[in-house]
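The following note was prepared for a colleague who wishes to review the model before using it.

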Amino acid sequence: MPRRQRRLPDVWLVSDERNDAVLDAALKRLPRGSGLIFRHYHLPDPVRRARFDQLARLARARGHIVVLAGDARTARRWGADGSYGAGVEGTGLRLASAHSARELAKAGRADAVLLSPVFATRSHPGIRTLGPLRWRLLARLAPMPVIALGGMTARRARAAGIARWAAIDGLGSSQRLAGIPGDS
């Protein structure tokens with residue numbers, strides 16, 4: 001069966017406890033049609049759902065895709081456009097994560113995979129990074145679109161020639177958004 005073709009955003013904002021204070025502003029500054037991966041694992045379920053609803057409204061007003069980290073059933077129930085992690089079953093956009101060729105192979109049914117870490121990152125200090133060259137070599141092995149994650153900013157994506165990327169901290173300020181086509 002051929003893989004479903006979906007229009008995937010080039011730029012993704014990944015929510016986290018660290019960047020919650022700047023998410024509203026960052027979503028407004030992202031190019032129209034970007035993506036939000038809502039994680040916020042640190043919140044209890046009712047509070048997490050309320051924050052998801054707030055950010056989803058804001059994101060959709062800017063034409064962004066909204067993906068929930070979690071299972072497809074919960075993503076569907078919450079009105080997300082898809083799910084991230086927790087397997088790649090179900091309907092809607094399915095995003096997986098990978099850090100190696102072996103994990104890329106396991107993500108075979110996903111619509112796209114976030115491959116990381118490209119660069120050093122605060123979320124995983126001291127971990128061995130892929131670097132742009134190794135990231136590109138691994139990305140070629142994937143049968144689906146690959147999104148770069150880990151220390152990514154607009155400047156680093158442009159310098160490395162990476163068109164599709166995601167960031168947790170790298171999209172939190174206007175300086176880091178500078179240079180993204182369609183910035184408004």
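1. A salt bridge is taken here as a side-chain nitrogen of Lys or Arg within 4 Å of a carboxyl oxygen of Asp or Glu. By that criterion the structure, which is a predicted model, holds nine salt bridges. Several of them are discussed individually below.

2. The average pLDDT of the protein chain is 87, and 87% of the residues score at least 70.

3. As to overall architecture, the protein chain contains seven helices and eight strands. Of its 184 residues, 49% are buried. Among contacts with a separation of 6 or more, 52% are between residues 24 or more positions apart. The accessible surface amounts to about 9200 Å², and carbon and sulfur atoms account for 54% of this area.

4. Which residues have the most contacts inside the largest nonpolar core? They are Leu115, Trp135 and Trp165, in a core of 43 residues. Helix H2 gives the most to this core, contributing five residues. Leaving aside residues up to four places away in sequence, Trp135 touches Leu115, Val118, Leu130, Val146, Ile147, Ala148 and Ile162. There is also a second, separate core of 15 residues, which includes Trp12, Ile37, Ala166 and Ile168.

5. The salt bridge between Asp16 and Arg39 has its closest N and O atoms 2.6 Å apart. Asp16 lies in the loop between strand E1 (11–14) and helix H1 (23–29), and Arg39 in the loop between strand E2 (35–38) and helix H2 (45–61), so the pair ties together parts that are 23 residues apart in sequence. Both Asp16 and Arg39 are buried.

6. Asp20 and Arg51 form a further salt bridge, with 2.8 Å between the closest N and O atoms. This pair links distant parts of the chain, since Asp20 is in the loop between E1 and H1 and Arg51 in helix H2, 31 residues apart. Is Asp20 buried or partly exposed? Its relative accessible area of 24% makes Asp20 partly exposed. Arg51, by contrast, counts as buried, because its relative accessibility is 12% and the limit for burial is under 20%.

7. Arg60 is paired with Asp81 in a salt bridge whose closest N and O atoms are 3.5 Å apart. Arg60 belongs to helix H2 and Asp81 to the loop between helix H3 (72–78) and strand E4 (82–84); the pair therefore ties together parts that are 21 residues apart in sequence. With a relative accessible area of 36%, Arg60 is partly exposed. Asp81 is likewise partly exposed, at 31% relative accessibility.

8. Which residues do salt bridges with shared partners join into one network? The members are Asp16, Arg18, Arg39 and Asp169.

Definitions and conventions: Residues are numbered from 1 along each chain as its sequence is written. This is a predicted model: local features need pLDDT of at least 70, side-chain atom pairs count only at pLDDT 80 or more; totals for chains, interfaces and linings use all residues. Side-chain values use heavy atoms; hydrogens and water are left out. Helices (H or I, at least four residues) and strands (E, at least two) are DSSP runs, numbered from the N terminus. Buried means under 20% relative accessible area, exposed over 50%, partly exposed in between (1.4 Å probe, protein chains only). Contact means heavy atoms within 4.5 Å. Accessible areas come from the Shrake-Rupley method with a 1.4 Å probe; for residues, only the protein chains shown count as cover. pLDDT is the predictor's confidence in each residue, from 0 to 100. A nonpolar core is a set of buried Ala, Val, Leu, Ile, Met, Phe, Trp, Tyr and Cys residues joined through side-chain atoms within 4.5 Å.
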